[in-house]
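Please examine the sequence and the three-dimensional structure shown below. The briefing that follows is arranged by topic.

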Amino acid sequence: MVKGLYTAHMGMVNEMKRLDILANNLANSNTTGYKKEGTTCRSFADEMAYRLDDSSNGFRPKGLGEITYGVHLGEVYTDYDSGSFRVTDNPVDFAIDGQGFFAIAFTNKQGETSVKYTRDGSFTVNTEGYLVTKDGDYVLNQTGAMNGDPREQNFIRLDPNAEIKVSKLGIITQNDQVVGTLGMVDIDNYDYLEKYGENLYNLLDGGNRVAADCQVEQGVLETSNVNVIKEMVNMITIQRAYEAGQKVINSVDSTLERVVSLGKV
């Protein structure tokens, strides 16, 4: 096999995967609380090229030098840097200033309920007075968040007709009475967080919930941390790298065509 074709092919495949991640970032540039993803690349292990038919070195093929088969995608990582804040003046819109997540009692299509974590604080109050997400999942209080308990006793219930005030620590008051506390927690190691959809996260086995070192801002939302201009520049870079791989394949193909033509003569 011609090594140049293989190397160029792997480079193009790598750029296609990078482009998929970048396109997903751009698609979610307006998603509240979205955290962009990035990719790392690593080369295949170098191998020694041998002169197999050379009998001048006894029974052992003589080495020619090191070769590499190009690069492939190393890993996809999430950038947890905070996005900018956007003022909405909606009393049930919240943003976390610092490290931490809101805890949500998420129910899937099979009716199974589990705790998910998010930076998206665009909440609302349903007809029963419970604080829920835009998708209708219940927001947990501090006890439910720290214990990972999605039962009803840890839901936040409010009076829809009374003014809602939330302190920097997430304490909710209505009519000068404390009615609950927004559940905010942090994870000791973000390597144990797994993305679920656009802006929800699963806590994997081995990860631990810890107290969040953050404050909550009422009436604002955290936008995504995607820099659209930077992503567009990266898209152009990826396109150029992909085109370079195409040119390599075309060059090798042209060379092989000439070799075949000479062989016929």
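A211 touches M146 and D186, leaving out residues up to four places away in sequence; contact means heavy atoms within 4.5 Å. This is a predicted model, in which local features need pLDDT of at least 70 and side-chain atom pairs count only at pLDDT 80 or more, while totals for chains, interfaces and linings use all residues. Residues are numbered from 1 along each chain as its sequence is written, and side-chain values use heavy atoms, with hydrogens and water left out.

**Residue A211**

- A211 lies in strand β18 (residues 209-211); helices (H or I, at least four residues) and strands (E, at least two) are DSSP runs, numbered from the N terminus.
- A211 counts as exposed because its relative accessibility is 62%; exposed means over 50% relative accessible area, buried under 20%, and partly exposed in between, with a 1.4 Å probe and protein chains only.
- The C-alpha atoms of A211 and I187 are separated by 8.3 Å, although these residues are 24 residues apart along the chain.

**Residue D137**

- D137 belongs to the loop between β10 (131-133) and β11 (138-139).
- D137 is buried but has no salt bridge, and the nearest side chain of opposite charge, K116, is 9.0 Å away.
- A salt bridge is a side-chain nitrogen of Lys or Arg within 4 Å of a carboxyl oxygen of Asp or Glu; Lys and Arg count as positive and Asp and Glu as negative, while His and the chain ends are not counted.
- The side chain of D137 reaches the backbone nitrogen of T107 at 3.3 Å.
- Apart from neighbours within four places in sequence, D137 is in contact with residues including I104, F106, T107 and L131.

**Strand pairing**

- Strand β7 (residues 101-107) and strand β8 (residues 113-118) run antiparallel and are joined by six bridges; two strands pair if DSSP finds at least two bridges between them.
- The bridge partner of F102 in β8 is T118.
- The hairpin of β7 and β8 has five residues between the strands, and G111 takes a positive phi near 85 degrees there.
- Strand β8 is also joined by two bridges to strand β17 (residues 200-203), and these two run antiparallel.
- Y117 stands opposite Y201 in β17.
- An open sheet of three strands has the order β12-β13-β14, with antiparallel pairing.
- Its edge strands, β12 (165-166) and β14 (177-181), each pair on one side only.

**Cysteines**

- The count of disulfides (pairs of cysteine sulfur atoms within 2.5 Å) comes to zero.
- C41 is partly exposed, with a relative accessible area of 40%, whereas C214 is buried, at 12%.

Methods. A polar contact is a pair of N or O atoms within 3.5 Å; within protein, one must be able to donate a hydrogen and the other to accept it, and residues adjacent in sequence count only if both atoms are side-chain atoms.
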